[in-house]
Amino acid sequence: MSVTIPAGPLARGWLSVRTASVKDAGRPQLDRSIYIEQFGQGLRLTAADSYLLLSAWVPALHHELEAAPSDDEIPYAAAVALDPYGRAAGLLGHMLALWKSDEAKTVDLNLVVHLNVPWQPAEIPSAELQLDGFAALAVTIEHPDHERVQLEVYEGDYPDTRRLFASHKPGRPDVLALTGHMLARLGKAAKVHGDGTVVHHRFGGALKPVLVTFGEEPEVRGLAMPCAWDLARDAPAVSAREVGDEVCVP
Amino acid sequence: MTVLHVLDNPPEATGAGLAEAMLGEARAEVVWVNATAPAGFYDDPEVVRLVWLIGDLAAQLRGRLANHNTRPATPRLFDQEEDR
């Protein structure tokens, strides 16, 4: 089943969220991937590398005024789309440029997204050789009558990100440290929404994830892990293990 | 401070186990990758550990330390077991 989405919000959401996913050969579900959940009124995009998690709700066409589904709502379809070489990001970057141009004022720029459709063309020409349920699947992003990008799908589970968001409790840390690498990635994700985008931080404690929100249409929210901080020395802990493994689990 | 001294062409590999144990605890802060130690390097046995490594193990050690150093002591949001 397909969903039609205005190109601007989908492109901003995708390009912003994908900042959280990096090359990770050891965990293919996180390796330059976007986790897509499909609901009746839109898509939720999520990406993570286990240190940074970003998620955006992108409403479908004509559903822009409806509320996003709550965290306990189960999607009726989901797929981990792999975009190792930025092919989808290329299309969406192009669409975002069009969206910002004058053309968007005269033409409806929409994209159609299909989840878990058979790979086209089939890798095995004869349908007789394929077992039902074992055909290669794909996620497609289509600019109708112009271009369609087909992405491989990781056929397996994705980390339970809902639990991570739900477990965040506001707290006031004495001190909190984020690496420059983390701040740069957050900055890159926020700049997709414009140079003046404000990144709102809601702290959860010195050694707990920071809940970040930024951007509009769509708003992106995420969790960023701070460095382990040694309060006694007022310096970064030498290792995460020194402050206890329990800090790894929010 | 713990210092690892990695030599590329050692006569023996007795330090490999020690290096693995130290990396397991992620305590290495400084890495020297050269064939000769600076003057006075061995004067303090409590500070300096000399590790002899050969071939692939030395390369793996450098790679693991490089990864460790790029993310200084940042715990994960979710660990390896939970994302199966």
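**Questions about a two-chain model**

Modeller: Glu217(A) sits in the loop between S10 and S11 of chain A. Helices (H or I, at least four residues) and strands (E, at least two) are DSSP runs, numbered from the N terminus.

Colleague: What kind of model is this?

Modeller: The model is predicted, with local features needing pLDDT of at least 70, side-chain atom pairs counting only at pLDDT 80 or more, and totals for chains, interfaces and linings using all residues; side-chain values use heavy atoms, without hydrogens and water. Residues are numbered from 1 along each chain as its sequence is written, while chains are lettered from A and ligands numbered from 1 in the order in which they are written.

Colleague: What makes Glu217(A) exposed?

Modeller: Its relative accessible area is 57%. The scale is simple: buried is under 20%, exposed is over 50%, and partly exposed is in between (1.4 Å probe, protein chains only). The value is over 50%, so Glu217(A) is exposed.

Colleague: What is the phi of Glu217(A)?

Modeller: Phi is near 45 degrees, which is positive, and the residue is not glycine. Most residues other than glycine have a negative phi, and most peptide bonds are trans.

Colleague: Which kind of peptide bond runs from Glu217(A) to Pro218(A), cis or trans?

Modeller: That bond is cis, with omega near 0 degrees. Pro218(A) also belongs to the loop between S10 and S11.

Colleague: Where is His62(A), and why is His62(A) called exposed?

Modeller: His62(A) is in the loop between S4 and S5 of chain A. Its relative accessibility is 68%, so it counts as exposed. Its phi is positive too, about 70 degrees, although His62(A) is not a glycine.

Colleague: Now Ser55(A). Why is Ser55(A) called buried?

Modeller: Ser55(A) is in strand S4, residues 52-59. The relative accessibility is 4%, under the 20% limit, so Ser55(A) is buried.

Colleague: How do you know that Ser55(A) and Leu45(A) have a polar contact?

Modeller: A polar atom of the Ser55(A) side chain lies 3.3 Å from the backbone oxygen of Leu45(A). A polar contact is a pair of N or O atoms within 3.5 Å; within protein, one must be able to donate a hydrogen and the other to accept it, and residues adjacent in sequence count only if both atoms are side-chain atoms. The distance of 3.3 Å is within that limit.

Colleague: Which residues does Ser55(A) contact beyond four places in sequence?

Modeller: Contact means heavy atoms within 4.5 Å. Among the partners are Val17(A), Phe165(A) and Glu219(A).

Colleague: Why is Ile141(A) called buried?

Modeller: Relative accessibility is 1%, so Ile141(A) counts as buried. Ile141(A) lies in strand S7. Beyond four places in sequence, its contacts include Trp14(A), Leu92(A) and Val149(A). Its C-alpha is 6.7 Å from that of His114(A), 27 residues apart along the chain.

Colleague: What makes Lys169(A) exposed?

Modeller: Its relative accessibility is 60%, so Lys169(A) counts as exposed. Lys169(A) is in the loop between helix H4 (161-166) and helix H5 (180-191). Beyond four places in sequence, Lys169(A) contacts Phe203(A) and Gly204(A).

Colleague: How do you know that S5 and S8 of chain A pair?

Modeller: Two strands pair if DSSP finds at least two bridges between them. S5 (residues 77-82) and S8 (residues 147-154) have three bridges, in the antiparallel sense. In one of them, Val80(A) has Tyr154(A) as its bridge partner.

Colleague: What is the order of strands in the 11-stranded open sheet?

Modeller: The order is S1-S6-S7-S8-S5-S2-S3-S4-S11-S10-S9 of chain A, with antiparallel pairing.

Colleague: Why are S1 and S9 at the edges?

Modeller: S1 (2-6) and S9 (200-202) each have a single partner strand, so one side of each is left without a neighbour in the sheet. Neighbouring strands are turned by 25 degrees against each other on average, direction ignored.

Colleague: How confident is the predictor about chain A?

Modeller: pLDDT is the predictor's confidence in each residue, from 0 to 100. Chain A has a mean of 86, and 89% of its residues reach 70 or more. Over residues 240-250 of chain A, pLDDT stays under 50.

Colleague: What does chain B contain?

Modeller: Chain B has two helices and three strands. From the N terminus they run β-α-β-β-α. Of its 84 residues, 32% are buried. In chain A, with 250 residues, the buried part is 50%.

Technical notes: Axes fitted to C-alpha atoms, helices over the stretch in contact; angles between N-to-C directions.
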